[in-house]
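The entries below follow the order of my looking.

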Amino acid sequence: MSDRVLFNLLQVAVVLAFAPLVSGVLSRLKEMVQSKRGPSILQPYRDLWKLFHKDEIVSEESSWIFRFTPYLVFVTPIFVALLIPVLTSYPLFFAFMGDMLGGGFVLALGGFFATLAAVDSANPYGPIGASRTRMVGFLAEPVFMIVFFTVSFVAGSTIPYIVQQHWASAPDFFTPSHVLLVLAFLMLILAEGGRIPVDNPTGHFELAMIDESKSLEYSGRGFALMKWGGQMKFFVLLCIFLNVLVTPWGLAAEQHWSAVLLAIPLVLLKIFALILVLVVIESSLAKLRLFRIAEFLGAAFITSVAAMIAQVFG
Amino acid sequence: MNDATHPLIENLNALATGLFLLTAFGIIATRQARGCLNLFIVQSLLLAASAALLGLRFDSAHLYGVALVNAVSKPVIVPWLLRRVASAELYTRREIDQVLNIPTTLLIALALAIGAYFLGVPLAAAVDASVPTPNVPVGIAGLLLGAFTLTVRREALPLLIGLLAMENGAFLAGIAMARDLSMLVELAIATDGLVIVFIVGVLVRAVAQQVGSTAVGDLASLKETPTVSPPYEELG
């Protein structure tokens, strides 16, 4: 019992520790594709360290929402990390506290408050980006729902651990609905993570910003928390995608510290493979114009509904 | 085939049909004539793969023949013919018009696909219990989505591709339901398809040379004298 609590906390520690590394590796690989050297993969850690030691400036015009939001953005991915299989294939202590829908809503709560905070700061660019984020968000929401409901049709549950065990042992792994679900979820990760066909994560032009504009007014510790929270959210989404949907193998099956610790490099290896795919996608596509994003997410929606009808009728 | 590999083959077949459905949606939604053609090529290859897998499943040499005809005629000969006959329309124009905007189009297409499932699943069960289930509904969906492409597209070449996509859908349903149709019929259909491509291609080129565009939506009224097309007049 105590082991299960400790493993659960270890999962959170892994998410906390390796989320900046994932974003560092991703940006380094992208720079290498463009024949540049790029920053060190440890740069995100240095950025966080620097920001935590800087002064924080908060506008007098802003309300409590602005001060409260960084903590919420930082804490929500940690909550989700308690619910999903990051390292183990058996349910841990907090696993039944919420299902994938619950996790999705907890993540959405962070996004919602980040939007409020962007409107709350009197910065003119904040509300522009915030309304764009909401547009992407509400177009992505039905895709999330349908993906999760199709998953629950297949596995009979929306608890991520049970879905993971269903697919790890399923004879029908490459059914059409599964492949279509994976496609839809990949498009969703690109949209929610602010990656390239939807948003440019390295762009610093305020008028074109979508995801970045929410943290424009933050400085010092608040900015560090926003950044770290965003990186953790991306890490958590990748974990759900890989450990539950695509490759439900390589997780610790026994309740030993050695098995659980061995799972850490395996999971990082899987994430690295996915990062390579993401680098290919981001380097070969151009950023979509704003009103084309609806088409991109419409395509994701169609894919997920096709998965559902293939599952229900097929 | 021994029984142990049947589930695997049927899964792979189901996968091919699922991706077939996606390409049918893609043909409606892409904005570029090249993308439309590329998706059609992928769709034809998926059709050939499904035919080959069903041939493996039912030990039918006839279905291998269908796979071969489809793998050669549509992905290779059709693009070659179009490149020879109507390359300007295909390769120089980037974006193509639609009557409806793309999200609306996709939603209607989705309703059509769900309707096809309602129609196709009982139909497949009524014909024969051994009919692989995904082929018939997806084939009907391909047929309907091709017909829908014909109604929403306003340019000649995407219209042609919609027509060919309809034929692909009919084939996908056909190979599952009528597995022992005479080879002659398949060859005749394949040849007919190529002749259609050729004739439409020549027509497109002729129309494009006369009028300057093949946007069907702009060709609503007759003109006495051959002039430049309306878009150019509006610009001037």
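These are my notes on the chains, their contact and a few single residues.

**Ground rules.** I am reading a predicted model, in which local features need pLDDT of at least 70 and side-chain atom pairs count only at pLDDT 80 or more, while totals for chains, interfaces and linings use all residues. Residues are numbered from 1 along each chain as its sequence is written, and chains are lettered from A and ligands numbered from 1 in the order in which they are written.

**Chain B as a whole.** I counted eight helices and zero strands in chain B, where helices are DSSP runs of H or I with at least four residues and strands are runs of E with at least two, numbered from the N terminus. Of its 236 residues, 42% count as buried, a word I use when 20 or more other C-beta atoms lie within 10 Å of a residue's own, with exposed meaning 12 or fewer, partly exposed lying in between, and C-beta atoms placed from the backbone. Taking the contacts in chain B with a separation of 6 or more, I found that 74% join residues 24 or more positions apart; two residues are in contact if their C-beta atoms, placed from the backbone, lie within 7 Å.

**Two helix pairs in chain B.** I next looked up α6(B), residues 156–177, and α7(B), residues 183–211, whose axes come within 10 Å and cross at roughly 170°; axes are lines fitted to C-alpha atoms, for helices over the stretch in contact, and angles run from 0 to 180 degrees between N-to-C directions. The two helices α6(B) and α7(B) are therefore roughly antiparallel, the term for angles over 145 degrees, while under 35 is roughly parallel, 65 to 115 roughly perpendicular and the rest oblique. The residues of this contact of α6(B) with α7(B) divide into eight nonpolar, one polar and one charged, where Ala, Val, Leu, Ile, Met, Phe, Trp, Tyr, Cys and Pro count as nonpolar, Asp, Glu, Lys and Arg as charged, and the others, Gly among them, as polar.

The second pair was α1(B), residues 6–29, with α4(B), residues 102–127, packed at an angle of about 145° with axes 10 Å apart. On the α1(B) side I noted L21(B), F25(B), I28(B) and A29(B), which meet I102(B), T105(B), L106(B), A109(B) and A113(B) of α4(B).

**Where the chains touch.** The contact between the chains draws 19 residues from chain A and 21 residues from chain B. Which helix gives the most to the side of chain A that touches chain B? It is α10(A), with eleven residues. I then checked how covered α10(A) is, and 16 of its 21 residues are buried.

**Single residues.** V73(A) sits in helix α3 of chain A, residues 64–83, and counts as buried because it has 28 C-beta neighbours inside 10 Å. Beyond its neighbours within four places in sequence, V73(A) is in contact with residues including F113(A), L225(A) and M226(A).

Most residues other than glycine have a negative phi. S35(A) lies in the loop between α1 and α2 of chain A, and it is exposed, with 6 C-beta neighbours inside 10 Å. D59(B), also not a glycine, has a positive phi of about 55°; I placed D59(B) in the loop between α2 and α3 of chain B, exposed with 9 other C-beta atoms within 10 Å.
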